Amino acid sequence: MSGTSATIEKRLDHLQHHFIDSDQQFESAKLGMWIFLATEILFFGGLFAAYIVYRSWYPELYIQASTELNTFWGAINTGVLIGSSLTVAMAIRSAQLNQIKGLIYNLYITIALAFVFMVIKYFEYAHKFHLGIYPGEYYTFEGIAHEKANIFFSIYYMMTGVHGLHVLIGIGLMIWLVYKAKKGAFHSGYYTPVEITGLYWHLVDIIWIFLFPLLYLID
Amino acid sequence: MATTEETPTRKVQVKRFKPEEYPEKHYLNQEKGLWAWLTTVDHKKIGLMYLMSVAFFFLVGGVLALLLRTELLTPARNFMTADVYNQVFTLHGAIMIFFFLIPSVPAALGNFILPLQLGAKDVAFPRLNLASFYIYVIGALFTLTAIFTGGIDTGWTFYTPYSSTTGGSVAMMTLGIFILGFSSILTGLNFIVTIHKLRSPGITWNKLPLNLWGLYATSLIQILATPVLAITLLLLTMERVLGIGIFDPALGGDPVLYQHFFWFYSHPAVYIMIVPGFGIVSEIISTFSKKVIFGYWAIALSSLAIAFIGFLVWGHHMFTAGQSSLAAMVFSFLTFLVGIPTGIKIFNWLATMYKGSIDLKTPMIYMLIFLFLFTIGGFTGIMLGALSVDVHLHDTYYVVAHFHYVMMGGMVMAFLGGLHYWWPKMFGKMYNEFWAKISAGIIFIGFNMTFLPQFIMGSQGMPRRYYNYIDQFQAFHQFSTIGAYVMGVGFVIIAAYLLHSLLRGEKASSNPWGSRALEWQTSSPPDLHNFKHTPVIINGPYDYHKPMSEFQLGIATSHNGHGHHEEEGMDVAETEKEKA
Amino acid sequence: MSAHEHHISSAKFLWGVGIALFILTVLTVAVTWVQIPEPWNVVVAIAIAVVKATVVAAFFMNLFWDSKFNTMILIMSALFFMLLIGITLLDTLYRIDPVPSF
């Protein structure tokens, strides 16, 4: 690995003293992030459990209530998130190849797609509020002939709300990554924050991959 | 990295040295000032900060317990109204469980010892470790705010529909515990990565100290269970704030569903509390029997088995809640299963002691107390797991006695044992052995006085969390209260001589107990970075059949300079013999 | 210890994975226009979702080329999630039977 000693030093200045080498540090960070993702899976898992229990008790409610959800925009959002997963994978690839401009460019697109997702969500929520479909006891919509209708929507709001919060957090993280990348913090020998943020983002995508059919596509 | 194992015919000279006794510079004085402590990333100091915090909360929880027991001296009101009584037992439970028991061994003792036992310089993510501590503090502040702005009286279990509809600061309290859960998760995450990635050369999985197997199993539980508590508390808070209705029968919801979610975490949580204690027991019993641990793999794998089976039994808290008979039967059967790996451990510890050279120092005394009290607690747990028996004993003092025997008689005794065992390593000071043994005896007597009558009361029908009671139970309650005060005296004595030890204690050598484990082969207190060079381990941590000299670290100089620089030394735990 | 090679996917490969995911999404929606009897419609929907999630995990999150332990973590968390649901359902689905009907 040739280069001036200044380059070599810069390439190693991320190495923390308790790690033997850069590789051990990188693999440890990835392992740590995977463990964190496991906690996210169990966190959302509780919500999916509530969904499943109530669906098993009130299947006709779910079928009826799901018609209030706009399948078209839900599908668009699914495509948007998948696209953002693609671009974040491309961002990591750019970092691996030391193409910092490509890294920043791909991060920008990912952030933009995430914003599109949130905007579509905003319009979906606004439309529902307009109809009186609020969570919990504030529900006033008359259009569904089922006395437990508010429970479906409460679960809907909890699941998409917590998911949306995770999207917002992801946007924040990626803005920070762009900032660091512009300052030259990343190169092909060190792009760990990009890698682990990417892992987080892919999980957010995976959660939506399950949310979409379970909420929007009930027959 | 060149290791002696890879080139078996290479002879390595090892110049052994004893660790520096009574070092002038160590981790406590190498970083100076309050700011250095508050911003430290040194796992040892973080462990000490946790230790001070859990000790503080144990004091608060203990005082609350004494208040409860004093009120229960007579059936009539003594000095508390019923509402205040409900708040006091809620707080006693929540503080003891979330602020003392769950962090005590992993965060306080574990943080200190884990890297030392691995030969590592720190945990994998030191800054995350510090963040875990501050998250714990912030969670505690939210909880204290809840106490002072309305209080809660739901019991530490926050059952709906009461918790979703009552006044008081339930949301603030659940928020505090939600935050605290992150501290627990991040500590577990840190430990798992450290154990996987930062083991010194030679520490294969079969040489891992059982203390670390215990912390590993605990961390797995923390990772998988705590998030479910987080979502449960979030749903409860939303139930209160938005009136969602999934737990409220008035809105068509199901309160038993809350209990399923709550206990999915809270049952594994009790294993988070006890499994680290099991790890400590293995260390202390082996050291003070001067004997290799009996059944290493049985003990190691049983920790993992307990972690796994512990996730399958949560419904045994709900036998009378209205769940289906099918579920109740399945849970009862699985509950019996979870006792098996625990029983295996107890037998293995006894077998370790058999024909060992028993040294009855204070840590060992606590281990004997542990074995006795935890076995009683464990047995009564199995009894409660029997479905038909539980119908009578659920929500009585029998349950209260059971969990105090396992949590206090088990976990707290193990914690005290670990504290006394590693005290010389942490502070470089010894404590007064005479008073230590006296207080252990006082606590043992006080504990049994407090909780043995509660088994009898419970089986005769005295309900738990009740503010008053019928006359037939008064004698039991009074005896129990006296026992609680006796225990209190014991703890006060412990605090006194430990404080004295810090100020004026006799200096400790690096290995006062003659242990073979790695943390004892470095100075007491250790250097800021634990080990000056990476240790290479050849012997196991329980190899008492090998002489002490084989465990001293040394600097190795090899004849070919492959893989390391001239000035870089390599500690090895044993001389490499020339292989054919 | 020298750094071992981290697998770098080609841009073409990543785009290919992305397009596969888009196609699977179209399939997810299309399948709802086919009348499948309960409960198999849910099974089909979840199955497609699992395929998509696996593709993301294996090829975007690089599990295919990563340490097997990371894959274990994913699988174990899914397993525990299924335990949560499965055993809870043992209660909620069988409430009305006073005694199990076997």
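**Exercise 1. Determine how many residues of chain B are in contact with chain C, and characterise that interface.**

Solution. Step 1: 23 residues of chain B are in contact with 16 residues of chain C, contact meaning heavy atoms within 4.5 Å. The model is predicted: local features require pLDDT of at least 70, side-chain atom pairs count only at pLDDT 80 or more, and totals for chains, interfaces and linings use all residues. Residues are numbered from 1 along each chain as its sequence is written, chains are lettered from A and ligands numbered from 1 in the order in which they are written, and side-chain values use heavy atoms, with hydrogens and water left out.

Step 1: The area buried between chain B and chain C is about 1,700 Å², with 79% given by carbon and sulfur atoms; buried area is the accessible area (1.4 Å probe) that two parts lose on being put together, summed over both. In chain B, the residues that lose the most area to chain C are B:Leu224, B:Ser324 and B:Leu326, together 27% of what that side buries.

Step 2: One salt bridge is found across this interface, a salt bridge being a side-chain nitrogen of Lys or Arg within 4 Å of a carboxyl oxygen of Asp or Glu. B:Asp254 forms a salt bridge with C:Arg95, and the closest N and O atoms are 3.0 Å apart.

Step 3: Helices H7 (210–242), H8 (255–289) and H10 (325–353) of chain B each give two or more residues to the side that touches chain C; helices are DSSP runs (H or I, at least four residues), numbered from the N terminus. H10(B) gives the most, with six residues.

**Exercise 2. Describe the interface of chain C and chain A.**

Solution. Step 1: Here 47 residues of chain C are in contact with 48 residues of chain A. The area buried between the two chains is about 4,100 Å², of which carbon and sulfur atoms give 75%. C:His6, C:Phe60 and C:Met61 supply 14% of the area that chain C buries against chain A, more than any other three residues.

Step 1: The count between chain C and chain A is one salt bridge. A:Lys30 forms a salt bridge with C:Asp66, with the closest N and O atoms 2.9 Å apart.

Step 2: Helices H1 (11–30), H2 (40–60) and H3 (68–92) of chain C each give two or more residues to the side that touches chain A. The largest share, twelve residues, comes from H3(C).
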